[in-house]
Amino acid sequence: MQTYSNLVNGKPVEATSHQEILNPATGDSLGLAAISSEQDVNDAVIAARNAQKDWSRVSDQERQETVARVAQVLQDNSEYLAELITREQGKPLSGPGSRFEVQACVGWTQVPAALALAPETVHEDEERKDVLHRVPLGVVAAIAPWNWPLMIAIWQIIPAIRMGNTVVLKPSEYTPIATLEMVRLINQVLPPGVLNTISGDGRIGAALTSHPDIDKIMFTGSEATGRRIIEASSRNLAPITLELGGNDPAIVVPGTDATAIAEGLFWGAFLNMGQTCACIKRLYVHENDYDSVIAALSDLARQMPIGDGMNENNLIGPLQNKMQYNKVKELVGDARSNGCDVMEFGDVPDTGYFLPVTLVGNIQDGQRLVDEEQFGPALPIVRYKNLDDAVASANSLSAALGASVWANSPEEAEPVAMRLEAGTVWINQHGAIHPMVPFGGNKASGYGVEFGLEGLKAVTQPRVISIKK
Ligand code: NAD
């Protein structure tokens, strides 16, 4: 059986234990992924620390060129990586699936490669000049989730490397293989020690985030783990970028043409089978439009081919793991037992963690499927009587990653959008992230932003050179 190793200082690391990774669509084995020991974590941090001295001295232009070469390696291996993602994570090759994920990796690498943070004169008078430089922090610990395993790892590692940091990355224990392969490939164009990996579950993650020689933590995952990481960081005082869970509301403004927005709403909710941080997880529709919105979404849901994502005709794949599969089933079961209208669509294969595309009507705030992050293909649709109530509902939870407002014109949506509490409020689209546009949560969805110039600043520290004239 094929084994997949970690890479430290540019070399594969021999592991003493491994875990078998199974395809969530078929149950087939994909191979054995290494599990790191605490000693491995320490070795990786030391390698990153040693490499960082030289890497921080490399000229900015050379670092830009190196990152551009990383983008090329990702492009050259895009089909190989996309197939690995589909086999390991489940999202289909087609549609907004694994090919789309790899192309996002390319884009989110090319953009930081082309950006630079120039020194900024923050004050100047006859007596003095003060210039703010952005210098690397040092060693960045990156902890990634399983839903978009390569894309989110790229978001964490590329800005860090671009700005002269080195990285120790831990992929999720559910999806290590594609990430370990991606790191092996891009290490071909990086100096040894600039990008290292460790793998394993939360214990190994905790050994990394509490390591005394870490200078920054990039974390994407659940709120519960985020809180543990904040505690762990008291060991090293590392600043943290925390991208946590969401429970994004979408509000359809009264009188909106349901057929015009149905496709945007559908993929806003069911992208990656709903296993996306910034997916629509509760939909608020005016009582007069409720039937037409449900009809338009049902029409789309009926047409969606569900099955193994290696078949290019399929657009909806399995859930990634049993824990998530059981959680979604439990939340839908709870709604059903409370008398909600559960509408299920699609022929679900017998193998794997497949669930039907599910719309749940006749449901209110306070029910578990509305209030808890389902992270799966079950969308609650809540009727409202007036917009003020919908806005209050949208803002009522502690999660505040994204939100969206849907209307016949942006002008109609904007006053509503301005009232929503979220890191990003989209109008007539949802989850439409862009590598130049800062992205991050408000309230319990975390703090700090990624992407664009703000994302680069987040992996640097300010250094002021103050000159007496
Ligand atoms: P998770 O918190 O269970 O795991 C995330 C990562 O943290 C994994 O690599 C895991 O091994 C590691 N980990 C677990 N315990 C740890 C500890 N004590 N110390 C250090 N690391 C530890 O999350 P998940 O189930 O993989 O991901 C799903 C969650 O992530 C959802 O809530 C989703 O909304 C959120 N998410 C957020 C964003 C965003 O950008 N805001 C993006 C994707 C996913």
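Six strands make up an open sheet of mixed pairing, ordered E10-E9-E8-E11-E12-E22. The edge positions belong to strand E10 (195-197) and strand E22 (446-447), each of which has a single partner strand, so one side of each is left without a neighbour in the sheet. The model is predicted. The points below cover the sheet and its helices, the nonpolar cores, the cysteines and one loop glycine.

**Sheet and packed helices**

- Within the sheet, strand E11 (residues 216-220) pairs with strand E12 (residues 240-243) in the parallel sense, over four bridges.
- In this pairing, methionine 218 has threonine 241 of E12 opposite.
- Helix H1 (residues 38-57) packs on the sheet and touches strand E8 (139-143), strand E9 (166-170) and E10. The direction of helix H1 makes about 150° with that of E9.
- Helix H6 (residues 176-186) also packs on the sheet, where it touches E9 and E10. The direction of helix H6 makes about 150° with that of E10.

**Nonpolar cores**

- In soluble globular proteins, nonpolar side chains tend to be buried together.
- The largest nonpolar core comprises 63 residues, and Ile251, Leu265, Phe266, Leu283, Leu297, Leu379 and Ile381 have the most contacts inside it.
- Helix H9 (residues 258-270) gives the most to this core, contributing eight residues.
- Leucine 379 touches residues including Ala269, Phe270, Ile280, Leu283, Leu297, Leu359 and Val360, with residues up to four places away in sequence not counted. Lys281, Arg282, Thr358 and Gln374 are also among the residues that leucine 379 touches.
- Another core, of 61 residues, lies apart from the largest one. Among its members are Leu7, Met151, Ala160 and Val183.

**Cysteines**

- Zero disulfides are found in a search of the whole structure.
- Cysteine 105 is in no disulfide, and the nearest cysteine sulfur, that of cysteine 277, is 14 Å away. A disulfide requires sulfur atoms within 2.5 Å.
- Cysteine 105 is buried, with a relative accessible area of 0%.
- Cysteine 277 has a relative accessibility of 15% and therefore counts as buried, the cut-off being under 20%.

**Glycine 200**

- Glycine 200 is placed in the loop between E10 and helix H7 (202-209).
- Although it lies in a loop, glycine 200 counts as buried, because its relative accessibility is 6%.
- Apart from neighbours within four places in sequence, glycine 200 is in contact with Ile35, Lys170, Pro171 and Glu173.
- Glycine 200 and proline 254 are 54 residues apart along the chain, and their C-alpha atoms are separated by 48 Å.

Key. Residues numbered from 1 in each chain as written. Predicted model: local features only at pLDDT ≥ 70, side-chain atom pairs only at ≥ 80, totals over all residues. Heavy atoms only, no water. Pairing = 2+ DSSP bridges. Helix = DSSP H or I, 4+ residues; strand = E, 2+ residues; numbered from the N terminus. Contact = heavy atoms within 4.5 Å. Axes fitted to C-alpha atoms, helices over the stretch in contact; angles between N-to-C directions. Core = buried A, V, L, I, M, F, W, Y, C linked by side-chain atoms within 4.5 Å. Buried < 20%, exposed > 50% of the residue type's maximum accessible area, 1.4 Å probe, protein only.
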